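Keep the 3D view open while you read.

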Amino acid sequence: MLWRLVRFFLFQAVGALLGFALWPLDNPLRGALLGSVLAGAVWALIDLRRGVRLLRWLRDGQVANMPELSGLWGDVGTRTRSLLKARDQQSVHSETRLAEFLAAMQTSPNGVVLLDAQGRIEWCNRTAAEHFGFDPQRDLQQHLGNLLRDPAFAAYQSAQDYSHAVVIPGPRSTVGRPVRLSIDLHAYGDGRKLLLSRDVTALEQAEAMRRDFVANVSHEIRTPLTVLGGFVETLQTLQLQPQEQQRYLALMAQQAQRMHLLVSDLLTLSRLEGSPPPPLEEWHSVQSLLDDCARDARALSMLVASPEHALSFSTGVSTELAGASSELLSAMFNLVSNAVRYTPPGGRIVVQWQALADGRAEFSVQDTGPGIAPEHLPRLTERFYRVDRSRARETGGTGLGLAIVKHVVQRHGAELKIESTLGQGSRFAILFPAIRLRVYPQTDCV
Ligand code: ADP
């Protein structure tokens, strides 16, 4: 600043000297005064020009193109430039943070919608767009109420009690494919709102399944218990002949056996759900699994059918199967025992093991039983699903056999195939993946 003043006075002094020297001799002091005033004006003009250049640069907003200026204006320019640079860096940093924050919100498995104080959409992530069928670009600034017209949501919004969520059907929900969305609103800032959405379809289905399951188990256990209770009461109150007593005791044993089977199938299912995946390095001979199935199937057939079934089992199978042997045997025997229980006496049951061209292998059970109508096929593996309840009860089934098979099949990366023709018979097959199969050199066929 001092240097600026010195320069200003020097400029004026030079102007005064020039005025003094050039003015006619009559009054050189007037010449000096005029020279000094003119020099001051020239100084002011030059200074103004610099200021104008600086102002133009500031107006342009091109921080990098600062004009070459010296002195005070140069200082002002340099300081302004560094302030502007710092501000630019700050805003770049803020924009990066905002972009990162929005990217994080994009990855959220929940839908996120930011609403302004008027309820217009300011931003939404992909999940929310998917949940509500929004277009994340086109629907910005649209009123949420115009896009989401569910009455339950409208009531939730107008009640302004956001302490709980509201569950509504998703806009793409259909009878065949229901979609249930849970929506939470949270107020923040100056009347703004954060909307969070969650797809709770699977959760609600699981909850409904759990309720059905508990109801089914209770029903399945209550029936034999009622029968047992009735017999106990009869034995306690009536004087029966020993023969009759024996008959009642046999019926009681049958009911107890039914409950035992049910509990043991339930335990098997819960073990399957909770245990680690079956090993890939434990190999079991398929022939010995088939032999065990054949032995138990013959015993069962003797028990339930007269004349017995014509049972035929593959022999000489030289394949090993990787997995959990108890699970594999349980799945295979469930299919064989169903064939035995549902095929009328004297019927034919063929159990085969076949290598397939694509490297897989198929375990199949074909029977000449009553067959199953096509509408039942997709539901057969549901727990407690039975085509004919009274018939299933007669045959001593728990309704859990095929559910167990499905679990074992899934756990071993295999596939369950069911084919059936009403009145002609059924064919249940498990297709094992190549990764779980290996052939060993066979010397002896069983
Ligand atoms: P269950 O213990 O009642 O046999 P499953 O889960 O093993 O239960 O089978 C479900 C239903 O599928 C059975 O109730 C029966 O109606 C039908 N089913 C299974 N296997 C056969 C078969 N081989 N022939 C005819 N119906 C079958």
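## A partly exposed glutamate and its partner

At 39% relative accessibility, Glu415 falls in the partly exposed class (buried is under 20% relative accessible area, exposed is over 50%, and partly exposed is in between, using a 1.4 Å probe and protein chains only). Before going further, a word on what you're looking at: this is a predicted model, where local features need pLDDT of at least 70, side-chain atom pairs count only at pLDDT 80 or more, and totals for chains, interfaces and linings use all residues. Residues are numbered from 1 along each chain as its sequence is written, and side-chain values use heavy atoms, with hydrogens and water left out.

Which residue does Glu415 meet in a salt bridge? Its partner is Arg360, at 3.2 Å from N to O (a salt bridge being a side-chain nitrogen of Lys or Arg within 4 Å of a carboxyl oxygen of Asp or Glu). Glu415 sits in strand β11 (residues 415-421) and Arg360 in the loop between β9 (348-355) and β10 (361-367), so the contact ties together parts that are 55 residues apart in sequence. Helices here are DSSP runs of H or I with at least four residues, strands are runs of E with at least two, and both are numbered from the N terminus. Arg360 is partly exposed too, with 26% relative accessibility.

Side chains of opposite charge can pair when their charged atoms come close. In this model, 20 salt bridges turn up. Another one joins Glu362 and Lys417, at 3.8 Å from N to O. This pair links distant parts of the chain, with Glu362 in strand β10 and Lys417 in strand β11, 55 residues apart. Glu362 is buried at 5% relative accessible area, while Lys417 is partly exposed at 30%.

Arg258 forms a salt bridge with Glu220, and the closest N and O atoms are 3.9 Å apart. Arg258 belongs to helix α8 (residues 242-274) and Glu220 to helix α7 (residues 201-237), so this pair ties together parts that are 38 residues apart in sequence. Are these two buried or exposed? Both Arg258 and Glu220 are buried.

## How α7 and α8 pack

The axes of α7 and α8 come within 10 Å and cross at roughly 160 degrees (axes are lines fitted to C-alpha atoms, for helices over the stretch in contact, with angles from 0 to 180 degrees between N-to-C directions). That makes α7 roughly antiparallel to α8, a label for angles over 145 degrees.

What kinds of residues make up the contact of α7 with α8? There are 18 nonpolar, four polar and two charged. Here Ala, Val, Leu, Ile, Met, Phe, Trp, Tyr, Cys and Pro count as nonpolar, Asp, Glu, Lys and Arg as charged, and the others, Gly among them, as polar.

Strands of a sheet pair through backbone hydrogen bonds, either parallel or antiparallel.

Strand β1 (residues 111-115) runs antiparallel to β2, joined by three bridges. Look for Leu115 standing opposite Ile121 in β2.

Strand β7 (residues 310-313) has a covered face with Leu311 and Phe313, and an uncovered one with Ala310 and Ser312. β7 pairs with β9 in the parallel sense over four bridges, and Phe313 stands opposite Val351 in β9.

In strand β8 (residues 319-322) both faces are covered: Thr319 and Leu321 are buried on one side, Glu320 and Ala322 on the other. β8 is joined to strand β6 (residues 283-285) by three bridges, running antiparallel, with Leu321 as the bridge partner of His284. β8 also pairs with strand β13 (residues 437-439), again in the antiparallel sense over three bridges, and there Val439 is the bridge partner of Thr319.

Key. Angles under 35 degrees count as roughly parallel, over 145 as roughly antiparallel, 65 to 115 as roughly perpendicular and the rest as oblique. Two strands pair if DSSP finds at least two bridges between them.
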